Amino acid sequence: MKPPYRVGVIGAGLKGTQHARAYQLDPRAEVVAVAEKDPEVLDLFRRRFGLERGYTDYREMLANEPIDIAAPILPSTVIPEVVMASVEAGVKGVFCEKPMCVTLEEADRMVEACESNGVHFASGDAERNYDALWDARAVIESGEIGDVVSFRTYGALGEIWGGGCQFLSVMRMFAWDAEVDWLTGWVEVDPWQDNDQGMGGSIHFKNGIDSYIYMRQGDARGMEVLCEDGYLAYNWQQARIFKYGASGDEELIAFPASKHFGPDLDEDGWISMATRQDNSTRSFLDTMEAGVEPRCSGANMRKVLEIIVAMRESHRNGYARVEFPIEDRSLGVLPTPARAFGQRSVEGRTDWYWPALMSQKPE
């Protein structure tokens, strides 16, 4: 067997622990290094994953540890710097969390650095990595319910770059990752602020597929992919595919497996990773082995941020149609403070944090 990919985790908090556990469960990967500023969190991570030492400075880790995969599970304002340093250190893959940056310029720099150095770049434990959606896409690709006509999703979650990047990534997936031709959009609170907020809009892809983002979900939940002879409905838990019969009635023809929701404990005492995190990590390791584009790549997230920026710019200009690509790459969206700067840095109280971290593997 090939030696396992050596993983260095940068950021050993809640989400960093989940990423590390998912790597630990796959025989193709081995967590060999960690960097974390908080000494207590660092020590807990080291004990849980059997590491002799850890680093409080990620640069020192990158200089001393021959890792294959860097996992920067960090606030959005820090990720670009760490991704660039990881590429310079010679890693083969980077799998960071989301949102991966603030501006389009930062997204460009990361994507282009990874591409020019042959580094596989993925962003986010994302819905787009979920196996059931790829099973559903295979049914649509087979032609059983005809070509995709349009996509619609309900509810922008109040933060379209922080949480809404999930459904926008899935939207692109079912538009076959075509380039956007133009869009019109609007924001929930104030078009003149750069902070993350809810947004809605109408998007036209160059391959003719139209997408509609409904800012308020109302009675509807999730997303729908409308095809010529049927549709896919996904409520963020289960995917169902319906085909129209001769009389216009609907027949359920595919029902891919639903998600597993914890907090079930596995045989080693960890919260079960049989979730999207497991799918995300496994698909990234598949990418490393096969040399193909990650399911939810950094390049995809760059396109998602461009869509978000364009919806806001449309509102700023009287709901005008915005053509692609966006020329001003200094534009961006500042995620919520917890996502931008870290939950422990901005909430003013951290009494919840340690119990939540300990719940990943009760002792």
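User: What is the volume of the largest cavity?

Analyst: This is a predicted model, and the value was computed from its atoms. The count of cavities of 30 Å³ or more comes to one. For the largest cavity, the volume is about 50 Å³.

User: Which helix gives the largest share of the lining of the largest cavity?

Analyst: The lining is made up of F95, A122, G124, N129, S280, S283, F284, P294, R295 and C296. By class, these lining residues divide into five nonpolar, four polar and one charged. The largest share, three residues, comes from the helix that spans residues 276-290, namely α8.

User: Is D125 buried or exposed?

Analyst: D125 sits in the loop between β5 (120-123) and α6 (131-141). Leaving aside residues up to four places away in sequence, D125 touches K15, H19, F95, E97, K98, Q166, R276, Q277 and S280. Its relative accessibility is 4%, and because burial is defined as under 20% relative accessible area, D125 counts as buried.

User: Which residue has a side chain joined to that of D125 by a polar contact of 2.6 Å?

Analyst: The residues that D125 touches include K15, H19 and E97, when residues up to four places away in sequence are not counted. The polar contact of 2.6 Å runs between side chains, and the partner of D125 in this contact is K15.

User: Is D219 buried or exposed?

Analyst: D219 is also a loop residue, placed between β9 (210-214) and β10 (223-227). The relative accessible area of D219 is 82%, and since the cut-off for the exposed class is over 50%, D219 is exposed.

User: How far apart in space are D219 and P39, C-alpha to C-alpha?

Analyst: Along the sequence, D219 and P39 are separated by 180 residues. The C-alpha atoms of the protein chain as a whole fill a box of roughly 65 × 45 × 40 Å along the principal axes. Within that chain, the C-alpha to C-alpha distance between D219 and P39 is 46 Å.

User: What radius of gyration does the protein chain have?

Analyst: The chain contains twelve helices and 14 strands, and 56% of its 363 residues count as buried. Among contacts with a separation of 6 or more, 71% are between residues 24 or more positions apart. A compact globule with 363 residues would have a radius of gyration near 21 Å, and the protein chain agrees with this, so the value asked for is 21 Å.

Key
Residues are numbered from 1 along each chain as its sequence is written. This is a predicted model: local features need pLDDT of at least 70, side-chain atom pairs count only at pLDDT 80 or more; totals for chains, interfaces and linings use all residues. Side-chain values use heavy atoms; hydrogens and water are left out. On a 1 Å grid over the protein atoms alone, a cavity is a set of points where a 1.4 Å probe fits but cannot get out, and a pocket is an open set with protein on both sides within 12 Å along at least five of seven lines; lining residues have an atom within 4 Å of a point. Grid points are joined across faces, edges and corners, and a volume is the space filled by probe spheres set on the points. Helices (H or I, at least four residues) and strands (E, at least two) are DSSP runs, numbered from the N terminus. Ala, Val, Leu, Ile, Met, Phe, Trp, Tyr, Cys and Pro count as nonpolar, Asp, Glu, Lys and Arg as charged, and the others, Gly among them, as polar. Buried means under 20% relative accessible area, exposed over 50%, partly exposed in between (1.4 Å probe, protein chains only). A polar contact is a pair of N or O atoms within 3.5 Å; within protein, one must be able to donate a hydrogen and the other to accept it, and residues adjacent in sequence count only if both atoms are side-chain atoms. Contact means heavy atoms within 4.5 Å. The radius of gyration is taken over C-alpha atoms; the globule rule is 2.2 Å times the number of residues to the power 0.38.
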